[in-house]
Amino acid sequence: MLGGAKLGTISIENVTFGYDIQGRLLFEDMSFDFDDRWKLGIIGKNGVGKTTFLKLLLDILPYKGSIRSNNTFHYFPLDLSGIDEQMPALLILQEFADFDQWELERECELLKLNKHLLWAPLQQYSGGERTKLLLAFSFIDDTSFPLIDEPTNHLDKKSREQVQAYLNTKKGYIVVSHDQQFMEAVTDHLLIIDHRNADLYTGDFQDILLQRNLEEQEIALNNKKLKKEIERLDKTAQEKKIWGTLRENDNKGRNIAARLNKRAKAIEQRKNREVEKKKSLLVNTYIEEHLPMYVKQSLHDTLLSFHQFSLRYDQDWLFEPVSFSIKKGERVIISGDNGSGKTSILKEIMQIGTAETKGRMFFDNKIAISYIRQDFYQYKGSIIDFCHEHHLDYTQFLNCLHKLGMERHAFDTEIELLSMGQRKKIEVAKSLLTPAELYIWDEPLNYLDSYNQQQLLKVIHRYQPSLLVIEHDSIMQDITNRIIHLN
């Protein structure tokens with residue numbers, strides 16, 4: 001349970017936790033202390049427990065052991081599911097905490113977020129603007145300790161630099177991110193979570209990663225040796241068994257066969273004990289899995305086109321009118337600053353937009369579209385119900401999630417209890433397994449670690465889908481044909 005600790009210290013003592021009723025653990029006897037003045041970064045692959053660790057600090061999950069702190073923890077991003085996004089953002093946030101308007105305006109100005117946006121409906125915010133707003137809200141109360149989960153998602157390069165500069169003015173927080181460059185700039189200590197444990201490091205970020213990489217190489221080498229030894233033991237036991245069976249067919253060799261079979265059984269038992277012992281020494285490693293993608297061949301040569309198209313929510317048009325088309329087999333990026341209207345264009349295509357538009361947009365409603373949405377937080381319930389709702393084969397869906405690295409225990413966990421990385425994998429798997437002529441992806445790399453990002457890039461290379469995508473990460477440019485800039 002959470003309890004008092006000496007001032008300035010957050011103490012983790014023998015913490016053990018697992019979601020799996022069969023006893024599969026995320027953390028086992030985890031112990032360390034850290035100072036609440038630290039800027040502590042947490043890194044690790046998707047599914048190892050980074051967000052779960054934050055939930056343990058928030059005391060919203062049961063666990064064994066103790067977490068002692070005198071701090072009040074505040075989680076970013078604030079869960080806004082179920083709220084009326086047509087309300088002004090300021091009024092929505094004032095339902096969650098008691099603060100004066102000027103306090104939020106102060107933090108917004110530090111983040112270079114226009115304070116006049118506070119009176120705009122939340123549904124009009126871009127992903128980057130929403131990130132800045134909720135980060136500003138996290139730092140209104142200087143008596144709480146922020147737990148910042150993936151703050152760089154939805155941010156363009158300029159906004160990432162602004163958030164980086166903002167955090168450099170603060171002290172005392174935990175931040176989780178896959179963006180190594182960002183983490184190097186905003187942290188002074190590092191917690192690496194992996195294989196049911198967490199290792200705390202102090203020092204230069206790149207030196208820590210180099211040290212960790214050397215440790216993982218040593219683990220991989222040891223795993224290779226153990227697997228070879230397991231194979232040798234299996235082969236020895238099998239040879240003895242075969243030899244004994246052959247001698248049983250020889251009348252003169254039945255006594256010898258009996259002794260050989262007895263010997264073989266003894267070897268088998270010893271082998272099983274040795275194999276189990278050596279398997280227990282193996283450390284989990286990640287094997288590259290190829291993702292599926294159900295691309296449909298289209299009879300249409302031009303799938304989508306815009307002519308002198310723009311949109312707005314208030315008085316000003318968000319961008320200069322654009323004209324472009326997407327032909328079969330093309331992959332096009334929409335580029336622009338946060339708030340420039342990129343996501344709003346995709347919502348108009350999906351017929352869920354609320355903006356006023358001008359110009360023309362052409363596409364055949366019969367074209368099959370697969371969509372990765374930016375705001376996927378509303379999904380709730382079981383994965384099997386999710387598959388039924390979206391007409392997906394449950395077995396194929398679980399297989400795809402497994403290839404994305406999702407642990408099997410998560411398959412029986414309610415979607416709303418999963419980490420954002422795991423929920424993003426559900427959104428990605430849904431799109432990959434939805435037969436489509438055109439894929440429309442809104443920041444598909446958000447919340448995914450570098451391994452999953454590379455998987456997604458490789459599946460695009462392999463299947464060459466027709467694709468319209470928004471992505472701030474420059475690595476996506478390697479697989480696209482054109483970039484449409486919004487000004």
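The legends below describe close-up views of a predicted model. Residues are numbered from 1 along each chain as its sequence is written, and side-chain values use heavy atoms, with hydrogens and water left out. Local features need pLDDT of at least 70 and side-chain atom pairs count only at pLDDT 80 or more, while totals for chains, interfaces and linings use all residues.

**View 1. D35 and R37 form a salt bridge.** A salt bridge is a side-chain nitrogen of Lys or Arg within 4 Å of a carboxyl oxygen of Asp or Glu. Side chains of opposite charge can pair when their charged atoms come close. In this pair the closest N and O atoms are 2.8 Å apart. D35 counts as buried, at 16% relative accessibility, and R37 counts as exposed, at 56%. Here buried means under 20% relative accessible area, exposed over 50%, and partly exposed in between (1.4 Å probe, protein chains only). The structure holds 12 salt bridges.

**View 2. E85 and R130 form a salt bridge.** The closest N and O atoms of E85 and R130 are 3.0 Å apart. E85 lies in the loop between β6 (72–76) and α2 (89–93) and R130 in helix α4 (residues 127–138), so the pair ties together parts that are 45 residues apart in sequence. Helices (H or I, at least four residues) and strands (E, at least two) are DSSP runs, numbered from the N terminus. E85 is partly exposed, with a relative accessible area of 25%, whereas R130 is buried at 17%.

**View 3. D179 and R160 meet in a salt bridge.** The N to O distance is 2.4 Å. D179 is in the loop between β8 (173–176) and α6 (180–186), and R160 is in helix α5 (residues 157–167); the pair links distant parts of the chain, 19 residues apart. D179 is buried, with a relative accessible area of 18%.

**View 4. The rings of F139 and Y173 pair edge-to-face.** Rings of Phe, Tyr and Trp (its six-membered ring) pair if their centres lie within 6.5 Å; planes under 30 degrees apart count as stacked, over 60 as edge-to-face and the rest as tilted. The centres of F139 and Y173 are 6.4 Å apart and the planes stand at 85°. F139 lies in the loop between α4 and β7 (144–149) and Y173 in strand β8, so the pair ties together parts that are 34 residues apart in sequence. F139 counts as buried at 9% relative accessibility, and Y173 counts as buried at 0%.

**View 5. The rings of Y439 and W441 also pair edge-to-face.** Their centres are 6.0 Å apart and their planes are at 80°. Y439 counts as buried at 0% relative accessibility, and W441 counts as buried at 0%.
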